[in-house]
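Please consider the following points while the sequence and the model are open before you.

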Amino acid sequence: MRRYILFVLLAILALSLVTTMYYPLSIILTVIVFWCTLEKFGKGIVLLETMALYSCIIYILMPILGYSVYNSDNRVAILWNRVMPVSSDRYYSFMLPAITTYIIGLFLINYSKGRPDEGSKLEQFVVRLKQRREQPGKVGLWLIGAGLIFYFVRLAVPGGLAAVASFGYLLIFPGLLYLHFQPSFRGRSWVYLVVTAFLVRDAINTGMFTVFFYMGITMVSFFFVGKRIRLPIKLGVVIIAICGVFILQLVKVSYRRNTWKNNYEGSKALLFQDLFIEKAAGFQEVFSVNNFFPIYARLNQGYVTAMVIRRIPSQQPYDDGESIAKTLAASLVPRVLWPDKPEAGGVYNMWHFAGFRLRGWSTNIGPVGEGYGNFGPTGGIIYMFFFGLFIGWAYKMVFVRARKTPLLLLWIPLLFFEVTYAMENDTLQAVNSLLKASFF
């Protein structure tokens, strides 16, 4: 059935352009992408599928809640200014085909016959990894050790050096995969345990769980490659994981409120544990309208794009590709040669495209917002296809290079870490991080 996915996506795209059945088509699109992710788990690497599914959630599903639940009749949405700023027809007439073309671009190259990231093709890479004369486990230990050192270095160095050190910190993850693909390496279970404990401690102390959310799924898919897991078990695990993410999202709100603003001096680990137990015990209340609102507000990236749709072109003309051109140039030219080149982040984009000044927190309009702000509805839809195609091509090139050097596959988590969540940031982050990670 996987070979027909692209045809189904093209059908959804065509219907989204000629009908107003936006909600049913949105749900069908999400279900199809979810099925692709679930079916592939255990057979291959689910990076592209995860990116596609995440895009459906933040741009397609959550805005449906915005229009049907958290609308102008909901007091909480009004209080926190989270009512969708444009009509649902105006939003989905652009967003649904834009996200669909993005997913088509992601899948187009890699869903051809003999997909390299699953099945027999991937198993051939795995066999070659395990048959190497060198001992990747020892290299893995060095990489993990270097990553831990870089973790502390990035806390002590400024600006650009901190960015380099951040890539160094991510060496932990290919290091873990080096260990995984040397089954004879003794003591690797202890290494996994120590590294996991370190990452958990760091996430709790900082209140930042980005690595867990966006690195975790790709890493887990590597660890389960070749495992024949039945579909009901996969579904059960995914449901439990989603529930855990929802609980964690609620815990983050309370945890940060206690630790970031009140000079908290107690044990952060105990505080986090208590909050998690409290939220888990009352899990049935998570899905109440008021309690689910923080999750909705965090995951509804479509709200920001709707701000762009409201502002452009009525208050601000289309950029006609100018900001995109600057983004691509900024990805290629070093800051030494261009000191005031654009930086990744939402301060400029939010003000220029959405008319909103950021103060004290961070968000961005996403590549889909940039596409609309530069080229309008039709041009934005086309832009999202090429944006997805670029990411899919870069992913495919790793496997092309891996024919000669199979170990390159183990660097996929580091290479695509920031690309994984670029749909909630901007084009510059996706292109810039991929180029820098490749060079690194």
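**Notes on cavities and helix packing**

1. The largest cavity is lined by I45, L122, F125, V126, L129, F181, F222, V225, L409 and L410. A cavity here is a set of points, on a 1 Å grid over the protein atoms alone, where a 1.4 Å probe fits but cannot get out, and lining residues have an atom within 4 Å of a point. The model is predicted: local features need pLDDT of at least 70 and side-chain atom pairs pLDDT 80 or more, while totals for chains, interfaces and linings use all residues. Residues are numbered from 1 along each chain as its sequence is written, and side-chain values use heavy atoms, without hydrogens and water.

2. The space in this largest cavity is about 50 Å³, a volume being the space filled by probe spheres set on the points. Its lining comprises ten nonpolar, no polar and no charged residues. (Ala, Val, Leu, Ile, Met, Phe, Trp, Tyr, Cys and Pro count as nonpolar, Asp, Glu, Lys and Arg as charged, and the others, Gly among them, as polar.) Helix 6 (residues 119-130) gives the most to this lining, with four residues; a helix is a DSSP run of H or I with at least four residues, numbered from the N terminus.

3. How many cavities of 30 Å³ or more does a search of the whole structure find? The search finds two.

4. Helix 1 (residues 5-18) and helix 5 (residues 88-108) have axes that come within 9 Å and cross at roughly 160°. Axes are lines fitted to C-alpha atoms over the stretch in contact, and angles run from 0 to 180 degrees between N-to-C directions. Helix 1 and helix 5 are therefore roughly antiparallel to each other, a term for angles over 145 degrees. Where they meet, L6, L9 and L13 are among the residues of helix 1, and I103, I104 and F107 among those of helix 5. Their contact has 13 nonpolar, three polar and no charged residues.

5. Helix 2 (residues 22-40) packs against helix 3 (residues 47-68) at an angle of about 150°, with the axes 9 Å apart. That makes helix 2 roughly antiparallel to helix 3. The residues of this contact (heavy atoms within 4.5 Å) include L29 and V33 of helix 2 and L53 and I60 of helix 3. They divide into twelve nonpolar, four polar and two charged.

Note on methods
Helix = DSSP H or I, 4+ residues; strand = E, 2+ residues; numbered from the N terminus. Parallel < 35°, antiparallel > 145°, perpendicular 65-115°, else oblique. 1 Å grid on protein atoms, 1.4 Å probe; cavity = no way out; pocket = protein on both sides within 12 Å on 5 of 7 lines; lining within 4 Å.
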